[in-house]
Amino acid sequence: RRQAMMVHAHSHARTVDGREIEVAVNIAGVSDAQEGVRMGADGVGLTRTEFLFSERQSAPSIQEQVTSYQAIIDTLAHKPVIIRTLDVGGDKEVPYLQLPQEENPVLGLRGVRSALVRPELLDVQLSALLQVKPLSQLRILLPMITQVAEIKHIRARVDELATQLGISERPQLGIMIEVPAAAIMAESLAKYADFFSIGSNDLTQYTMAMDRCNPHLAAQLDALNPALLRLIDMTVKGAQAHQKWVGVCGAVASELEAVPILVGLGVNELSVSVPLVPEVKDLVRTLSFADCQRLAQDALRLESAEAVRGLMKQSFGKTS
Ligand code: PEP
Ligand code: MG
C-alpha cells in the first residue's frame with residue numbers, strides 16, 4: 001500500500017467517481033514547503049507568516065519579507081501558494097509589536113483587526129507580497145475576517161499599493177472563514193473574496209465559546225460537532241453561489257475520520273500538516289463523492305460530535 005501511495009503521490013487526488021480534491025500543505029517556513037513538495041502536495045494551502053515575526057526584536061523589513069515569500073514561491077515551482085497575512089493577537093503574541101493590552105485578547109485586535117491600530121504592518125506585508133513573481137502563483141489569505149466591509153477595504157488597499165508599485169497584475173485575495181459571522185454571511189462575502197479557507201480551529205473556538213487553549217474544554221472542542229458542520233455547509237453553499245472555491249486549513253482537514261464529511265460537504269481543497277499529505281491523498285482516492293455527500297447530509301442532522309464520529313466509524317470502520 002505504501003508503494004502504491006508513493007507512485008500516486010505527485011498526481012492530483014480524485015474520488016472513484018471523479019471529484020478532484022486539491023491536497024495542499026500547511027507551512028510555517030521554507031523548509032516545510034520543501035518537505036511538502038517532497039510529500040506530493042498540490043500546493044501550499046496556508047503559510048502562517050507569524051514564523052517571520054516571532055523570536056526576534058523587531059519586525060522584518062519589506063525586503064526580508066519579499067525574500068522569504070519568494071523562496072516559498074520558488075520552492076513550489078508552478079504550484080499555487082497561499083500566504084496568510086500576519087495573525088497576531090489572541091494565542092499568538094509578538095511582544096515587540098506593542099499592540100494594546102486587552103481584557104479579552106481572543107475577542108480583540110486579532111488577525112486583520114490589528115490593522116485598526118497598526119495599519120503599516122499590513123501595508124508593508126501586502127507590498128512585499130505584491131512583489132513576488134509570478135503573482136499568478138500567489139494567493140493572499142486574510143485571517144479573522146468578520147464583516148464584508150473588511151474585505152472590501154483591504155481589497156481597495158491592495159489596489160492602491162499595487163498602483164503605487166506600478167504593478168498591474170493582482171493576486172487572488174481570499175479570506176479565512178473562522179468567525180461564525182463570516183460563515184453565516186458567506187454568501188455575501190463570496191462576492192468580494194476570490195476563495196475561502198475554513199479555519200476550523202478558531203471557528204470551533206468561537207462557535208462553541210470555548211477557548212482553544214483551555215485543557216478543561218479540549219475534549220469538547222470538536223470540529224465535527226454538527227453546529228460546525230452546519231456552518232461549513234453554509235460556507236460552501238455561499239461560495240458556490242458565486243462560483244468560488246473553498247478549502248479547509250484547520251486541524252480537522254488532517255483528521256482521516258473527518259475527510260469524507262468535508263469532501264461530502266463540497267469542500268474543494270484540504271490543507272493538511274506535512275506528514276498527512278500522502279495519506280489524505282490516498283484516502284480521497286478510495287472515496288465515492290456520491291456516498292460522501294449522503295454521509296454528510298446524514299451527519300448534518302445528528303445531535304452531537306459523538307454521534308457524527310459514531311456514524312463515521314460505522315461507515316469507515318477500516319480507515320478510522
Ligand atoms: C484555524 O483557526 O483553524 C487556522 C487554520 O488558523 P490558526 O490555527 O493559525 O489560528
Ligand atoms: Mg485561526
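This is a short chat about a predicted model.

Student: Which residues surround ligand 1?

Tutor: The residues around ligand 1 are Leu 46, Arg 48, Asp 87, Glu 178, Gly 199, Ser 200, Asn 201, Asp 202, Cys 249 and Gly 250.

Student: Which helix gives the most to that shell around ligand 1?

Tutor: Helix 9, residues 200-208, gives the most, with three residues.

Student: And how many of the shell residues are nonpolar, polar or charged?

Tutor: Two are nonpolar, four are polar and four are charged.

Student: OK, new topic. At what angle do the axes of helix 2 and helix 4 cross?

Tutor: Roughly 5°, and the two axes come within 9 Å of each other. Helix 2 covers residues 30-38 and helix 4 covers residues 62-75. An angle under 35 degrees counts as roughly parallel, so helix 2 is roughly parallel to helix 4.

Student: Which residues make the contact?

Tutor: Helix 2 supplies Val 30, Ala 33, Gln 34 and Val 37, while helix 4 supplies Ala 71, Ile 72 and Thr 75. Five residues of this contact are nonpolar, two are polar and none is charged.

Student: What about the largest nonpolar core, how many residues has it?

Tutor: That core has 86 residues. Val 23, Val 44, Leu 262 and Leu 270 have the most contacts inside it. Helix 10, residues 226-240, contributes the largest share of this core, six residues.

Student: What is Val 44 in contact with, leaving aside its neighbours within four places in sequence?

Tutor: Val 44 is then in contact with Ala 24, Val 25, Ile 27, Ala 33, Gly 36, Ile 72, Leu 76, Val 81 and Ile 82. Ala 33 and Ile 72 also take part in the contact between helix 2 and helix 4.

Student: Switching to the backbone: where is the cis peptide bond?

Tutor: The cis bond joins Lys 133 and Pro 134, with omega about -10°. Pro 134 sits in the loop between helix 5 (119-130) and strand 5 (138-142).

Student: What is phi for Ala 209?

Tutor: About 55°, a positive value, although Ala 209 is not a glycine. Ala 209 lies in the loop between helix 9 and helix 10.

Student: Is Ala 209 buried or exposed?

Tutor: Ala 209 is exposed, because 8 other C-beta atoms lie within 10 Å, and 12 or fewer counts as exposed.

Student: And where is Gln 243?

Tutor: Gln 243 is in the loop between helix 10 and strand 8 (245-248). Its phi is also positive, near 50°. Gln 243 is exposed, with 7 other C-beta atoms within 10 Å.

Definitions and conventions. Residues are numbered from 1 along each chain as its sequence is written. Chains are lettered from A and ligands numbered from 1 in the order in which they are written. This is a predicted model: local features need pLDDT of at least 70, side-chain atom pairs count only at pLDDT 80 or more; totals for chains, interfaces and linings use all residues. Axes are lines fitted to C-alpha atoms, for helices over the stretch in contact, and angles run from 0 to 180 degrees between N-to-C directions. Helices (H or I, at least four residues) and strands (E, at least two) are DSSP runs, numbered from the N terminus. Angles under 35 degrees count as roughly parallel, over 145 as roughly antiparallel, 65 to 115 as roughly perpendicular and the rest as oblique. Two residues are in contact if their C-beta atoms, placed from the backbone, lie within 7 Å. Ala, Val, Leu, Ile, Met, Phe, Trp, Tyr, Cys and Pro count as nonpolar, Asp, Glu, Lys and Arg as charged, and the others, Gly among them, as polar. A residue is near a molecule or strand if its C-beta atom, placed from the backbone, lies within 6 Å of it. A nonpolar core is a set of buried Ala, Val, Leu, Ile, Met, Phe, Trp, Tyr and Cys residues joined through C-beta atoms within 7 Å. A residue is buried if 20 or more other C-beta atoms lie within 10 Å of its own, exposed if 12 or fewer, and partly exposed in between; C-beta atoms are placed from the backbone.
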